[in-house]
Amino acid sequence: RQQRMTPHDGDPVHGLGDFLSWLFGVIYLTCWSMVFYPQIYRNYTRKSVKGLSFDLVLYNVIGFACYSTFCISRWVTQERYGLVRSVTRHDIIFAVHALLCTSLVCLQIKCYDRGGQQISQVAYMTSGLIVAGVSF
């Protein structure tokens, strides 16, 4: 069984390098997580999603679903086999949080005034190809 090169997330932080890694992980998690809330709030207060790119939201849901799956499966693999950590809890929390926030925007698209906007056929086809490619 291979030894870990860095401490487990649950272990105390050892040394300046580990502390800085943890600190920057918290900072990145906080900053990147906050970018979702202005759009969610704006959609909520306006009860409208007019002007929002539905294609981008579709691509984001697919992307964050893939990223969440990768982070969780990589975490499980590295824990099970004692591999060097390449995915941290910060990565998993961000990926799942991003997927949830983007899914909430999808729900807002479904419920709020769209002003006749819809997802383009190109986005549907591209997304279908991406999902098919990832599935096989």
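The model is predicted, so local features need pLDDT of at least 70 and side-chain atom pairs count only at pLDDT 80 or more, while totals for chains, interfaces and linings use all residues. Residues are numbered from 1 along each chain as its sequence is written, and side-chain values use heavy atoms, with hydrogens and water left out.

**Exercise 1.** Classify the pair Phe19 and Trp22 and state where both residues lie.

Step 1. Rings of Phe, Tyr and Trp (its six-membered ring) pair if their centres lie within 6.5 Å; planes under 30 degrees apart are stacked, over 60 edge-to-face, and the rest tilted.

Step 2. The structure holds five aromatic pairs. In one of them, Phe19 and Trp22, the centres are 6.0 Å apart with 35 degrees between the planes, a tilted pair.

Step 3. Both residues belong to helix α1 (residues 15-34) and are three residues apart, about one turn of the helix. Helices are DSSP runs (H or I, at least four residues), numbered from the N terminus.

**Exercise 2.** Classify the pair Tyr28 and Phe94, then decide whether each residue is buried, partly exposed or exposed.

Step 1. Ring centres 6.2 Å apart and planes at 50 degrees make Tyr28 and Phe94 a tilted pair.

Step 2. This pair links distant parts of the chain, with Tyr28 in helix α1 and Phe94 in helix α4 (residues 89-111), 66 residues apart.

Step 3. Buried means under 20% relative accessible area, exposed over 50%, and partly exposed in between (1.4 Å probe, protein chains only). Tyr28, at 25%, is therefore partly exposed, whereas Phe94, at 9%, is buried.

Step 4. Tyr28 and Phe94 form one aromatic cluster with Phe36 and Phe64.

Conventions. Helices (H or I, at least four residues) and strands (E, at least two) are DSSP runs, numbered from the N terminus.
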